[in-house]
Amino acid sequence: MIRIPGWMAPLCIAVLAGCSGGPGGDDGAVTVGFSQVGAESEWRTANTRSIKESLAEPAFRLKFSDGQQKQENQIKALRSFIAQRVDVIAFSPVVETGWDTVLAEAKAAGIPVVLTDRAVDVADESLYVTLIGSDFVEEGRRAARWLMADAAGRSGPIRVVELQGTVGSAPANDRMRGFREVIEQDTRFQIVRSQSGDFTRARGKEVMEAFIKAEGQCRIDVLFAHNDDMAIGAIQAIEETGLKPGEDIRIVSIDGVKGAFEAMKAGKLNATVECNPLLGPQLAQLVRDVHAGVVVPKRVFVEESVFTRDQAAAALPSRRY
Ligand code: AHR
């Protein structure tokens with residue numbers, strides 16, 4: 001059934017007043033403004049590729065902007081999309097808060113907003129139409145469950161260090177929450193250090209070096225990294241101290257990118273919780289539906305699983321990112 005949602009009212013007024021509602025012309029293509037977080041990880045590169053491939057001509061006209069991990073850049077991009085009167089805005093917000101004003105501007109202009117990958121924390125949820133992405137809380141829980149199973153029969157204390165993602169981002173907030181929810185049920189585990197590595201390899205390495213320095217070589221049993229890139233950076237830091245990653249320090253991370261499978265195959269990473277970046281096809285369908293006025297679910301999840309070292313060699317050839 002096709003209904004006119006609330007956000008379309010200003011657009012209908014604009015159309016009745018003789019405006020086209022978009023910069024596109026008469027070819028039927030949907031003009032989409034997409035603001036990406038940046039290029040901080042292997043995951044993000046695969047995500048950008050998937051989005052660009054799926055929102056391609058002739059069905060779409062894509063205006064792509066790279067926010068370089070800065071909220072101010074993303075806000076500028078959204079304002080520029082509004083000024084250009086694109087048909088739909090889609091974006092992956094670098095952090096959760098601080099979007100109310102610009103999203104209210106998009107709503108006032110009658111431009112529907114589709115959140116991709118990451119959530120926003122806004123007072124009025126009607127400021128966006130839908131969010132497509134992973135269940136980050138569940139990913140944190142999965143990492144903790146894997147660690148608990150891996151430590152079966154082992155006595156405590158088990159000292160854990162955590163490399164968080166970008167401060168204030170939905171995946172960092174939610175993965176911390178899900179991980180703690182589960183790990184705190186097992187008193188053997190103690191989170192002794194937790195700091196942001198900004199989802200990058202370079203920062204993951206630096207922060208892990210600082211953890212090792214602060215804790216001493218033999219006082220870290222487990223690393224939980226919010227993404228594979230930080231885990232790969234940390235693996236280098238661990239090796240440089242003469243320790244064996246995956247053995248002396250057990251490591252679980254999140255994403256499931258090829259680099260993580262290679263590290264697992266080499267025995268240096270113990271497990272990765274999948275976070276699927278290939279959102280492009282589902283995003284394209286949502287954009288089409290939203291533009292056509294079809295009522296879509298407020299939240300669309302992506303299916304994911306957990307991979308361990310013993311599965312890495314068999315799974316690697318079929319990984320698509
Ligand atoms: O929002 C998804 C997260 O962002 C991925 O886990 C991480 O690799 C990326 O930078």
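**View 1. Proline 58 is found in the loop that joins helix 2 (42-54) to strand 2 (60-66).** Helices (H or I, at least four residues) and strands (E, at least two) are DSSP runs, numbered from the N terminus. The peptide bond leading from glutamate 57 into proline 58 is cis, and its omega is near 10 degrees. The model is predicted: local features need pLDDT of at least 70, side-chain atom pairs count only at pLDDT 80 or more, and totals for chains, interfaces and linings use all residues. Residues are numbered from 1 along each chain as its sequence is written, and side-chain values use heavy atoms, with hydrogens and water left out.

**View 2. A cis peptide bond runs from glycine 156 to proline 157.** Its omega is near -5 degrees. Proline 157 belongs to the loop between helix 5 and strand 6.

**View 3. Glutamine 68 has a positive phi, near 50 degrees, although the residue is not a glycine.** Glutamine 68 is placed in the loop between strand 2 and helix 3. Its relative accessibility is 54%, so glutamine 68 counts as exposed (exposed means over 50% relative accessible area, buried under 20%, partly exposed in between, with a 1.4 Å probe and protein chains only). Glutamine 69 lies in the loop between strand 2 and helix 3, and its phi is also positive, near 60 degrees.

**View 4. Helix 4 (residues 100-108) has Val102, Leu103 and Ala106 as buried residues.** These residues are on the same side of helix 4 because they cover an arc of only 100 degrees around the axis (the arc is that of the directions from the helix axis to the C-beta atoms). Exposed Thr101 and Ala108 are carried on the face turned away from the buried side of helix 4. The cover over the buried residues of helix 4 includes helix 3 (71-83), strand 3 (88-91) and strand 4 (113-116). Glycine 110 follows helix 4 and has a positive phi, near 75 degrees.

**View 5. Helix 6 (residues 170-183) has 14 residues.** From its first C-alpha to its last, helix 6 reaches 20 Å, close to the 20 Å expected at 1.5 Å a residue (the expected span is 1.5 Å times one less than the number of residues). Among the buried residues of helix 6 are Pro171, Arg175, Gly178, Phe179 and Val182. Elements covering the buried residues of helix 6 include helix 5 (136-150), strand 6 (158-164) and strand 9 (250-255).

**View 6. Residues surrounding the ligand include Glu40, Trp43, Arg44, Phe136, Pro171, Arg175 and Asp255.** In the side chain of serine 41, an N or O atom is 3.1 Å from an oxygen atom of the ligand. Polar side-chain atoms also lie 2.8 Å from a ligand oxygen in the case of aspartate 117 and 2.9 Å in the case of arginine 118. Taken alone, the ligand exposes 280 Å², and the protein buries 100% of that (accessible areas come from the Shrake-Rupley method with a 1.4 Å probe).

**View 7. Glycine 233 is placed in helix 8 (residues 228-240).** Its relative accessibility is 1%, so glycine 233 counts as buried. Not counting residues up to four places away in sequence, glycine 233 touches Arg201, Gly204 and Lys205 (contact means heavy atoms within 4.5 Å). Glycine 197 is 36 residues from glycine 233 in sequence and 9.6 Å away in space, C-alpha to C-alpha.

Methods: A residue is near a molecule or strand if one of its heavy atoms lies within 4 Å of it. A polar contact is a pair of N or O atoms within 3.5 Å; within protein, one must be able to donate a hydrogen and the other to accept it, and residues adjacent in sequence count only if both atoms are side-chain atoms.
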